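Subject: Structure handover

Hi,

Here is the structure for you to take over. Please open it alongside the notes that follow.

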Amino acid sequence: MPFPRGLIVLSLLAAAAADASALGKPEFEFEPDPYYTAAAMTVPFSTGAASAEIGHEMRGYWDMAKLGFVPQFVILEASVNPLPLAGVAFRNSFGGAYRRAKVTPSLNIVEAIATGFEEPYAFSLFLGNVLDFSQGKKQTTGHKRKGYVGYLVNTGNYHIMESLLIPDNWVETEVKVKGDLVTEQRKMSWSFRGGAKSHSHRDITDTFYFGLRRDRIDYVKTPWSRLLSAGIDYRADFRRTDFKPTSHFVMIEKNFPFTTASQKKRTFSLGFGFQWLSRDKYIGEQGARRQRPESRIMIRPNLKF
C-alpha cells in the first residue's frame, strides 16, 4: 500500500502548532454519515473558542467572514466515505451486475448512488479559529453551535474513478469557512472553500477548485420550511496549467425530518444531482479505462443523524 506523503506534511504542521503555544484540553467528536463519516480531535492553543453571535442565516455567513483567519486551534481528523467504498466493493465483486445497472449512457444506478467523493478515506489537519455561537447559552448534548475559519490540508493514498481504486498519493490544501448550528428547532450547516489538489499519479490532473455547501433541516414547521429545509452542494475544478474546467458538480437535496420511537431526531434526504467531467480529467492509461460519458446524473438517498 503506497504511503501518503501528505501525512508527513500533516505531522510537521501539527508539530509546529504544538510548539507555538501550550495546548488546551482536547475535544473529541464523531460524525456518522453514509457518505462521509469522520472522527476528529480539536485542540486549542491556549484559550477556548472565540465568542460570536449568529442570528439570520445570511447575516451569519457575513459575520464569520469578518472574523479572520488567525489560527488559534488545531483539528486532526480521520474520515472514511462508506457509500463510495461500497460502490468500489460492488463493482469488484459483481462486475456483471454493475454493467447491467447502466440504465442510460448518463445514468448508472450504482454510480448515481455511490458518487460523492473521489477518495475512499482521508486524513486532515485544520489550523484556524473555532467560533462559539452559544453566547453564554447552556449547551445541550448533541447541539452543536460552532464555526470554523482557517486553513485545511487533506491527504490520502487512493483515488476512486468510476468505482475503481487507483493508487495515488494526493494532497489537497484549502482555505475554508464552515459552520454548524444545531438547536431543538433547526439543524444548519454550511461551508465555503477554495484550494488546490495535487496527485502523484501522472494520469490524474492537478487542479484548482472552489466549492460551497449549505444544508438546513427544520424540525419545527414554518411557512417557509418546505422551501428552506433543503441542501445544495456545488464544486468546480480547473486544470492547474491553463485553468481549463475539468469538472462541475451540483447536488440539490430535500430534507424530510422525523422523530424515532426513542424520541431521537433523524432526517431522510433525497438528492438529485449532475456532474460534468471533462476528458482532460484523466489521461494516459486511466483515460483509456474511462467508460462513462462527460455528463452524469446522480441520485443521493441519505439518512442524516
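Two strands count as paired if DSSP finds at least two bridges between them. Note that this is a predicted model.

Hairpin first. Five residues lie between strands β12 and β13 in their hairpin. Phe 243 takes a positive phi there, near 60°. Ala 230 stands opposite Lys 254 in β13.

β12 also pairs with β11 (residues 207-218). That pairing is antiparallel as well, over nine bridges. Here Tyr 209 faces Asp 237 in β12 as its opposite residue.

Now the cores. The largest nonpolar core has seven residues: Ala 40, Phe 73, Ile 75, Phe 126, Val 130, Tyr 148 and Leu 152. Elements β4 (73-80), β7 (121-132) and β8 (145-161) each give two or more residues to this core. Another core lies apart from it, with six residues, including Met 161, Ile 204, Leu 277 and Tyr 282.

Beyond four places in sequence, Ala 40 is in contact with Glu 27, Phe 28, Glu 29, Ile 75, Leu 76 and Glu 77.

Which side chain of opposite charge is nearest to Arg 266? That is Asp 33, 11 Å away. A salt bridge needs the charged atoms within 4 Å, so Arg 266 has none, yet Arg 266 is buried. Leaving out residues up to four places away in sequence, Arg 266 touches Phe 256, Pro 257, Phe 258, Thr 260, Leu 303, Lys 304 and Phe 305.

Best regards

Technical notes:
Residues numbered from 1 in each chain as written. Predicted model: local features only at pLDDT ≥ 70, side-chain atom pairs only at ≥ 80, totals over all residues. Heavy atoms only, no water. Core = buried A, V, L, I, M, F, W, Y, C linked by side-chain atoms within 4.5 Å. Buried < 20%, exposed > 50% of the residue type's maximum accessible area, 1.4 Å probe, protein only. Helix = DSSP H or I, 4+ residues; strand = E, 2+ residues; numbered from the N terminus. Contact = heavy atoms within 4.5 Å. Lys, Arg positive; Asp, Glu negative; His and termini not counted.
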